[in-house]
Amino acid sequence: MAKYLLLKHYRGAPAAVNDVPMDKWTPEEISAHIQYMNDFATRLEGTGEYVDGQALAPTGTFVRYDGEGQPPVTDGPFAETKDLIAGWMVIDVDSYERAVELAGQLSAAPGAGGRPIHEWLELRPFLGSHRTVTE
C-alpha cells in the first residue's frame with residue numbers, strides 16, 4: 001500500500017471544465033458538492049483506502065523562522081500567492097494507477113448547475129512511498 005495526498009487547488013491550477021468559482025454557486029450546489037465529497041470518503045472507508053481529508057479555509061498566513069530570539073515573520077493575514085488549496089484527502093492504495101483512478105473520480109464532484117467540475121487535482125505520493133507500476 002502507498003499513501004497519496006490529493007490536493008484540491010481552486011486557484012493556481014489549470015482551469016476546470018466547469019470553471020465557476022464556488023462563491024458563485026447556490027447553497028444547493030455547495031451542499032451537493034460537499035455531499036459528493038462525503039459520499040466519496042465513505043465509499044473509500046469501506047474499501048480501506050481512505051485515511052483522512054479536510055476542507056480548508058480560503059485564507060492563511062505564511063510564517064518563517066527569522067533567527068534565534070526573533071519573533072516569527074509573517075506575511076500578514078493573506079498569502080501572497082494566486083494559489084488556493086481548498087482541501088485535501090489522503091488515500092492509501094495498492095498502486096499508482098488506483099490513485100489516479102480515484103483522483104479522476106474525485107474530479108467529477110458536482111459544481112455550478114450540478115455538472116461535474118472536472119477539476120484538476122494534484123496527486124502526490126508521501127515521501128518514501130514508491131510508485132508501483134503494474135503491467
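This is a predicted model: local features need pLDDT of at least 70, side-chain atom pairs count only at pLDDT 80 or more; totals for chains, interfaces and linings use all residues.

Trainee: Thanks! What pattern does the protein chain follow along the sequence?

Mentor: The pattern reads β-α-β-β-β-β-α-β, and the protein chain has 2 helices and 6 strands.

Trainee: Why is His33 called buried?

Mentor: Set the value against the cut-off: buried means under 20% relative accessible area. His33 has a relative accessible area of 3%, so His33 is buried. This residue lies in helix H1.

Trainee: Which residues does His33 touch, leaving out those up to four places away in sequence?

Mentor: His33 touches Lys8, Tyr10, Met22, Trp25, Ala109, Pro110 and Ile117. Each of these counts as a contact because heavy atoms lie within 4.5 Å. There is also a C-alpha pair to look at: His33 and Gly111 are 78 residues apart along the chain, yet their C-alpha atoms are separated by 6.2 Å.

Trainee: Why is Tyr4 called buried?

Mentor: The reasoning runs the same way: Tyr4 has 2% relative accessibility, so it counts as buried, since the cut-off is under 20%. Tyr4 is found in strand S1.

Trainee: What makes Trp120 exposed?

Mentor: Exposed means over 50%. Trp120 comes out at 52% relative accessibility, and therefore counts as exposed. It sits in the loop between H2 and S6. Even so, Trp120 is in contact with Leu7, His9, Pro14 and Ala15, leaving aside its neighbours within four places in sequence.

Trainee: And why is His118 called partly exposed?

Mentor: Partly exposed covers the values between the buried limit of under 20% and the exposed limit of over 50%. His118 has 43% relative accessibility, so it counts as partly exposed. This residue also belongs to the loop between H2 and strand S6 (121-125). One more detail: His118 has a positive phi of about 55° although it is not a glycine.

Trainee: How much of the protein chain is buried?

Mentor: Buried residues make up 30% of the 135 residues.

Trainee: Which residues touch the most other members of the largest nonpolar core?

Mentor: Met89, Ile91 and Leu106 do, in a core of 16 residues. S1, H1, S5 and helix H2 (96-106) each supply at least two residues of this core. To see how Ile91 is surrounded, look at its contacts beyond four places in sequence: among them are Ala2, Tyr4, Leu44, Val51 and Leu102.

Trainee: What is the volume of the largest pocket, and which residues are closest to its centre?

Mentor: The volume is about 860 Å³. Of the 37 lining residues, the closest to the centre are Lys8, Tyr10, Met22, His33 and Ala86. Strand S1 (2-11), helix H1 (27-47), strand S2 (50-55) and strand S5 (84-93) each give two or more residues to the lining.

Trainee: How do the lining residues divide by kind?

Mentor: They divide into 25 nonpolar, 7 polar and 5 charged.

Methods: Residues are numbered from 1 along each chain as its sequence is written. Side-chain values use heavy atoms; hydrogens and water are left out. Helices (H or I, at least four residues) and strands (E, at least two) are DSSP runs, numbered from the N terminus. Buried means under 20% relative accessible area, exposed over 50%, partly exposed in between (1.4 Å probe, protein chains only). On a 1 Å grid over the protein atoms alone, a cavity is a set of points where a 1.4 Å probe fits but cannot get out, and a pocket is an open set with protein on both sides within 12 Å along at least five of seven lines; lining residues have an atom within 4 Å of a point. Grid points are joined across faces, edges and corners, and a volume is the space filled by probe spheres set on the points. Ala, Val, Leu, Ile, Met, Phe, Trp, Tyr, Cys and Pro count as nonpolar, Asp, Glu, Lys and Arg as charged, and the others, Gly among them, as polar. A nonpolar core is a set of buried Ala, Val, Leu, Ile, Met, Phe, Trp, Tyr and Cys residues joined through side-chain atoms within 4.5 Å.
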